[in-house]
Structures are given as structure tokens and as C-alpha cells.
Amino acid sequence: MFRNDDSDVLRRELDRFKLPMFIAELDSDSGHFELLALNTAHEAHSGMVMSEVISRPLHDFMPFEEAEAVNQRYARLSLISV
């Protein structure tokens, strides 16, 4: 678990891993997940650029139906891991 909300610090932590990784957080007001950080491997694999997607809901950069499905899946997983 990462205990920091600074995207630059999170990025450095994630870049220690060679697998594509990201950190997302549930916005309790909207009920949607927002990305906090991507690692370099995720950017290379997905084509996303961290500075363009952090602190934005998935709906801002994914097709609506896909964002809804991902958001629901993450919501279920977050209930399991609590």
C-alpha cells in the first residue's frame, strides 16, 4: 500500500516495477475512480500520458461504457479488500 498522495512520489514508487501499473482512488463525492499515478511501463503500453490523466475520472478518457464497467469492477474489488 502506498501512503502518499503526491503524484511525483507515487510515480517514482511505481517506476521501480517493470510491469505496467497505476494507482487509482475512489472519489467519494462522485463515486468514480480517478487515476493518481501511472508508471513509465503503463505509459508505454497504454499510450496514456500521466500528466494528461491524473486526477481525472475514467470517463474523461475512456468510452463511457468501458469506464462504467471498469469503475464497477474496481468498486467491487475495493469492497473485498477493505
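Here's a quick briefing on the nonpolar core and the aromatic rings of this structure. Keep in mind that you're looking at a predicted model. Its largest nonpolar core has 14 residues, and a search of the whole structure turns up 2 aromatic pairs.

**The aromatic pairs**

- Two numbers describe a pair of aromatic rings: the distance of the centres and the angle of the planes.
- The search finds 2 aromatic pairs, and one of them joins F22 and Y74 in a tilted arrangement, 5.9 Å centre to centre with 35° between the planes.
- That pair links distant parts of the chain, with F22 in strand 1 (residues 22-27) and Y74 in helix 4, 52 residues apart.
- F33 and Y74 have ring centres 5.5 Å apart and planes at 85°, so this pair is edge-to-face.
- Since F33 sits in strand 2 and Y74 in helix 4, the pair ties together parts that are 41 residues apart in sequence.
- Put together, F22, F33 and Y74 make up one aromatic cluster.

- F22 counts as partly exposed, because its relative accessibility is 33%.
- Y74 is partly exposed too, with a relative accessible area of 22%.
- F33 has 7% relative accessibility, so F33 counts as buried.

Technical notes
Residues numbered from 1 in each chain as written. Predicted model: local features only at pLDDT ≥ 70, side-chain atom pairs only at ≥ 80, totals over all residues. Heavy atoms only, no water. Core = buried A, V, L, I, M, F, W, Y, C linked by side-chain atoms within 4.5 Å. Buried < 20%, exposed > 50% of the residue type's maximum accessible area, 1.4 Å probe, protein only. Phe/Tyr/Trp six-rings, centres within 6.5 Å; stacked < 30°, edge-to-face > 60°. Helix = DSSP H or I, 4+ residues; strand = E, 2+ residues; numbered from the N terminus.
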